[in-house]
Amino acid sequence: MAHPDDAEILCGGVLIRLGQLGWEVHIATAANGDCGSENLSRAEIAAVRQTEGIAAAQSIGATYHTLGEPDVNVAFDQATNRKAIDLFRQINPTLVITHPREDYMLDHEQTHLLARSAAFSFPIPNASSLPRATGAHIPHLYYADPVEGKNPYNGQMVTPTTVIDVSAQIDQKAEMLACHASQRDWLRAHHGMDEYLDAMKRFSAHRGSLIGVEYAEAFRQHLGHAFPENDLLAELL
């Protein structure tokens with residue numbers, strides 16, 4: 001994902017469920033969160049947000065990584081693409097969730113390109129100088145909802161291919177999100193309520209209404225050439 005807390009908001013429930021099935025879960029961000037404060041310096045808030053990202057991941061037995069790019073400056077360029085491919089080479093993912101191609105801010109859209117490129121490229125022998133795991137192959141790739149579920153260019157709600165019930169995981173998902181205290185506290189002071197958690201639950205409830213459950217998360221599967229086409233998330237969950 002682009003920023004610390006994006007995964008928790010958009011796919012935290014699915015990550016919890018995969019971990020419960022015994023999957024090794026990794027949360028990775030392209031950016032370091034250095035614009036996430038009105039009071040702290042870039043270096044100070046980046047350090048805070050890395051600590052929060054690690055804590056959120058550890059709360060579900062996952063591992064946190066960041067490419068360390070500055071907020072509002074994530075770019076699909078050669079250097080960052082190489083960093084993303086190297087990270088995928090180290091993790092050897094079977095299933096990848098990232099942002100959709102069209103989202104409300106360009107950090108998300110550029111992260112989409114980085115993740116899509118790395119998913120396709122990391123098994124190629126010469127794509128990275130790092131060792132390649134035996135049997136490495138192109139993983140299943142899914143796009144989480146854009147923020148608010150809306151295509152920002154036409155205002156229409158996107159139609160998911162896969163909707164996963166996370167009702168039993170919603171409290172743990174909220175606990176993951178609450179680990180990002182720097183963002184939660186800022187919104188709580190600004191809105192006068194726990195809007196950070198409330199907004200996540202409202203949208204999870206909206207997606208739950210699609211399949212008649214209390215809370216859900218929605219995804220679209222990438223079905224391009226060479227990517228697996230069976231709906232692995234639906235099969236598993």
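Reply: A crossing of two helices is called left-handed if the near helix is turned anticlockwise from the far one by less than a right angle, and right-handed if it is turned clockwise. By this convention H5 and H7 cross in the right-handed sense. The contact draws on Ile170, Asp171, Lys173, Ala174, Leu177 and Ala178 from H5, and on Tyr196, Leu197, Met200, Lys201 and Ser204 from H7. Sorted by class, these residues comprise 7 nonpolar, 1 polar and 3 charged. Helix H5 covers residues 170–178 and helix H7 residues 195–208; their axes lie 10 Å apart and meet at an angle of about 145°. This description, like everything that follows, refers to a predicted model.

The strands come next. Four of them make an open sheet with mixed pairing, in the order E3-E4-E6-E5. Strand E3 (95–98) and strand E5 (162–165) are its edges, each pairing on one side only. On average, neighbouring strands in this sheet are turned by 35° against each other, direction ignored.

Strands in a sheet are paired through hydrogen bonds of the backbone, in a parallel or an antiparallel manner. Strand E6 (residues 216–221) runs antiparallel to E5, and 4 bridges join the two. Within this pairing, Val163 has Ala218 of E6 as its bridge partner, and Ile164 stands opposite Glu217 in E6. E6 is also paired with E4, again in the antiparallel sense, over 3 bridges. Here Tyr143 has Arg220 of E6 as its bridge partner.

How enclosed is E6 by the rest of the structure? Of its 6 residues, 5 are buried, so E6 is largely enclosed. In E5 the covered face carries Thr162 and Ile164, whereas Val163 and Asp165 lie on the uncovered face.

The aromatic side chains complete this picture. Two numbers describe a pair of aromatic rings: the distance between the centres and the angle between the planes. The whole structure contains 2 such pairs. Phe88 and Phe122 are edge-to-face, with 6.2 Å from centre to centre and 65° between the planes. This pair links distant parts of the chain, since Phe88 belongs to helix H3 (residues 78–91) and Phe122 to the loop between helix H4 (106–121) and strand E4 (140–144), 34 residues apart. Both Phe88 and Phe122 are buried.

Why is the pair of Phe120 and Phe227 called tilted? Its ring centres are 6.3 Å apart and its planes stand at 35°; planes under 30 degrees apart would count as stacked and those over 60 as edge-to-face, so the remaining range is called tilted. This pair, too, joins distant parts of the chain: Phe120 is in helix H4, while Phe227 is in the loop between E6 and helix H8 (232–236), 107 residues apart. The two partners can also be described by their accessibility. Phe120 is partly exposed, with a relative accessible area of 37%, whereas Phe227, at 7%, counts as buried.

Helix H4 also holds Ser117. With a relative accessibility of 14%, Ser117 counts as buried, because the limit for that class is under 20%. Beyond its neighbours within four places in sequence, Ser117 is in contact with Phe76, Asn81 and Ile85.

The loop between E2 and H3 deserves a separate remark. Val72 is found there and has a positive phi of about 55° although it is not a glycine. This residue is exposed, with a relative accessible area of 53%. Asn73 is placed in the loop between strand E2 (63–69) and H3 as well, and is partly exposed at 44%. Its C-alpha atom is separated by 18 Å from that of Glu38, which is 35 residues away along the chain.

Asp5 likewise has a positive phi, near 100°, in a residue other than glycine. Its place is in the segment before helix H1 (6–20).

How values were computed. Residues are numbered from 1 along each chain as its sequence is written. This is a predicted model: local features need pLDDT of at least 70, side-chain atom pairs count only at pLDDT 80 or more; totals for chains, interfaces and linings use all residues. Side-chain values use heavy atoms; hydrogens and water are left out. Axes are lines fitted to C-alpha atoms, for helices over the stretch in contact, and angles run from 0 to 180 degrees between N-to-C directions. Contact means heavy atoms within 4.5 Å. Ala, Val, Leu, Ile, Met, Phe, Trp, Tyr, Cys and Pro count as nonpolar, Asp, Glu, Lys and Arg as charged, and the others, Gly among them, as polar. Two strands pair if DSSP finds at least two bridges between them. Rings of Phe, Tyr and Trp (its six-membered ring) pair if their centres lie within 6.5 Å; planes under 30 degrees apart count as stacked, over 60 as edge-to-face and the rest as tilted. Buried means under 20% relative accessible area, exposed over 50%, partly exposed in between (1.4 Å probe, protein chains only).
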